Amino acid sequence: MEAIQVLCTLRFTDEQLDQLKAVSPRLLVTQQTCRSVQDVAAALTDLPSTEILYAFYVPDELQTLAPRLRWVQLHTAGADHILDRPIMSSDLAITTASGIHATPIAEYVFASILAYRWQVPLWTNCQRERSWPSGRRQTYARPELRGSALGIVGYGSIGREVGRIARGFGMRVLALRRSTGRAEEGYAVDYTGDPEGYVPERFFPPEALNTMLAECDYVVIALPLTPETHHYIGRDELQAMKPGAYLVNIARGPIVDEEALVEALRRGWLAGAGLDVFEEEPLPAESPLWEQENVLISPHVAGFSPRYDERAAELFAQNLARYIAGEPLLNLVNREKGY
């Protein structure tokens with residue numbers, strides 16, 4: 001059988017590379033860590049026989065550099081950074097790392113929600129000032145999570161893990177999903193998420209977004225960024241939200257219209273927001289979001305985990321086995337949908 005050249009351009013360990021090689025003796029796995037598009041292009045120039053590429057950065061001239069290339073496995077959950085690139089008009093298979101981020105991002109979501117519910121920034125202020133505040137009951141006797149409604153906009157791997165944890169808190173889960181099926185079709189870490197889609201008490205189609213938002217005490221944005229979802233949450237949607245609601249965005253910044261969000265926070269259309277992603281990153285120092293006391297800001301870290309590469313290697317190994325067996329790849333990008 002003919003050998004298959006695999007080029008990994010990320011930081012896999014020797015043990016992780018051995019895991020990939022163990023999939024089949026046909027695989028010739030080469031590692032060359034790349035930190036730019038130019039680095040990836042140079043690596044492909046050195047190895048033009050590459051048939052499978054694992055990468056974050058994707059050169060425009062992929063098929064010129066590697067005429068035998070058939071499949072690109074991305075190191076990211078989304079494909080938004082390549083939507084306007086030549087690869088999208090090619091016949092190459094493209095897969096994402098969707099599913100490997102579900103655990104840390106879902107934990108982040110509840111860190112944000114609990115910090116808001118318990119006013120955690122005020123704790124740190126008290127500690128720093130060495131003071132015991134007056135009016136503690138009025139400040140901290142806030143609605144419990146149990147019995148509150150959590151709306152998940154985008155019920156993929158991350159949304160499903162958020163939903164599973166929410167049920168543990170006794171929350172009512174509502175979910176918006178583009179497709180009609182309940183089952184998860186992509187990669188998922190074992191024992192996470194909601195594979196059969198049984199957690200939400202109701203699913204809403206995209207055209208019923210505002211109906212769902214009006215019922216939710218908490219809203220989590222977990223959509224992929226595509227031309228269709230740019231500013232998906234805008235002024236009308238923010239006005240439709242239930243008074244006192246809290247919004248968490250762990251997806252991509254441009255899904256939420258930031259100008260409209262600032263207006264919503266100032267006018268009290270929603271009570272607060274937890275933001276890990278922004279329209280411009282790093283968030284500019286002049287952004288009015290920094291000044292909002294009802295906003296919790298983090299520097300795009302929700303997906304960080306010491307197990308990121310371990311899970312990425314596991315997903316890649318599963319897909320390599322599928323590729324060799326001629327089976328459908330996990331997380332195959334649908335070019336029409338953009339994810």
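Select glutamate 310 to begin: at 36% relative accessibility this residue counts as partly exposed, a term that covers the range between buried (under 20% relative accessible area) and exposed (over 50%), computed with a 1.4 Å probe on protein chains only. A salt bridge here is a side-chain nitrogen of Lys or Arg within 4 Å of a carboxyl oxygen of Asp or Glu.

The model is predicted, so local features need pLDDT of at least 70 and side-chain atom pairs count only at pLDDT 80 or more, while totals for chains, interfaces and linings use all residues. Residues are numbered from 1 along each chain as its sequence is written, and side-chain values use heavy atoms, with hydrogens and water left out.

Next, select arginine 164 and glutamate 161, whose side chains form a salt bridge of 2.8 Å, N to O. Arginine 164 is partly exposed at 37%, whereas glutamate 161 is buried at 3%.

Now move to arginine 202 and glutamate 215, a salt bridge in which the closest N and O atoms are 2.4 Å apart. Arginine 202 is partly exposed, with 33% relative accessibility, and glutamate 215 is also partly exposed, with 25%.
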